[in-house]
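Reader: I'm new to reading protein models, and I'd like a close look at just one part. Could you pick a residue and walk me through its surroundings?

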Amino acid sequence: MVSNQRKLQLLATWGALLLLATAIGCKGFFVNPTLTTLTVGPTTPSVVQGSTLQMAATGTYDDGTTNSLTNNVLWSSDDTTVANIDSASGKLTAEGAGTATITAQSGTVSGSTTVTVTLANVIKITINPSSTSTTPNTDVQYTVAATVSGSSATQDVTSSVTWTASDPNVTFTNGQDPEEAQVGAVTVGTVVTITATYVTSSGTLTATSTLTVN
């Protein structure tokens, strides 16, 4: 006959095995969520040259939860002459006029946004050429120079302006340097007004050029 002590030992053994099986089963059900996307913010910010901006990265997981990962991703900029960023903290420094793509990466998951750096104290912009002529179905190249208060030198801001034309048959890529005006089926004899718009910290500046289609 099995003694009471032996019975208690058997019960304790079975209890331990049951707890172990339960723990293994729970581990199989409750796994760590997997990171699926990274969102970088602020979205498409505009920063004045010489200033700084703290970027943020938010991770979304396969269980629908989100978490701040700003200090747990690798930060990079595709153009450090425009915007430099600390790879660990995500602190961005605006170096020069233009646009740069800022990327946050964690393993194989990444997210990005475009940062525009504008010059401080810009008082006017100038399009080159100020006037020109072409034929239908051709391309014309343009550049834009910015004049800064207190300086006689100009800086190229071509990639930072937005282009429009008075004729819908003239289109632009926007963001190129030099920018190409793609002249389509424009009626011969038409004079098209080309406009460049540059956003500053205090407002917007515009400049125009005339394009005659011969």
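Author: Let's start with the whole thing and then zoom in. The protein exposes about 12000 Å², and carbon and sulfur atoms supply 53% of that. Keep in mind that this is a predicted model. Its secondary structure comes to one helix and 19 strands. There are 214 residues, and 32% of them count as buried. If you take the contacts between residues at least 6 apart in sequence, 50% join residues at least 24 apart.

You'll find Thr70 in the loop that runs between strand S5 (66-68) and strand S6 (74-77). Is Thr70 buried or exposed? Its relative accessible area is 12%, and the cut-off for buried is under 20%, so Thr70 counts as buried.

What sits around Thr70? Leaving out residues up to four places away in sequence, Thr70 touches Gln54, Met55, Ala56 and Ala57, along with Trp75, Ala88 and Ser89. Look at Ala57 again: the side chain of Thr70 reaches the backbone nitrogen of Ala57 at 3.1 Å.

Thr43 lies between strand S1 (35-41) and strand S2 (46-48). Its relative accessible area is 61%, and exposed means over 50%, so Thr43 counts as exposed.

Terms used
Residues are numbered from 1 along each chain as its sequence is written. This is a predicted model: local features need pLDDT of at least 70, side-chain atom pairs count only at pLDDT 80 or more; totals for chains, interfaces and linings use all residues. Side-chain values use heavy atoms; hydrogens and water are left out. Helices (H or I, at least four residues) and strands (E, at least two) are DSSP runs, numbered from the N terminus. Buried means under 20% relative accessible area, exposed over 50%, partly exposed in between (1.4 Å probe, protein chains only). A polar contact is a pair of N or O atoms within 3.5 Å; within protein, one must be able to donate a hydrogen and the other to accept it, and residues adjacent in sequence count only if both atoms are side-chain atoms. Contact means heavy atoms within 4.5 Å. Accessible areas come from the Shrake-Rupley method with a 1.4 Å probe; for residues, only the protein chains shown count as cover.
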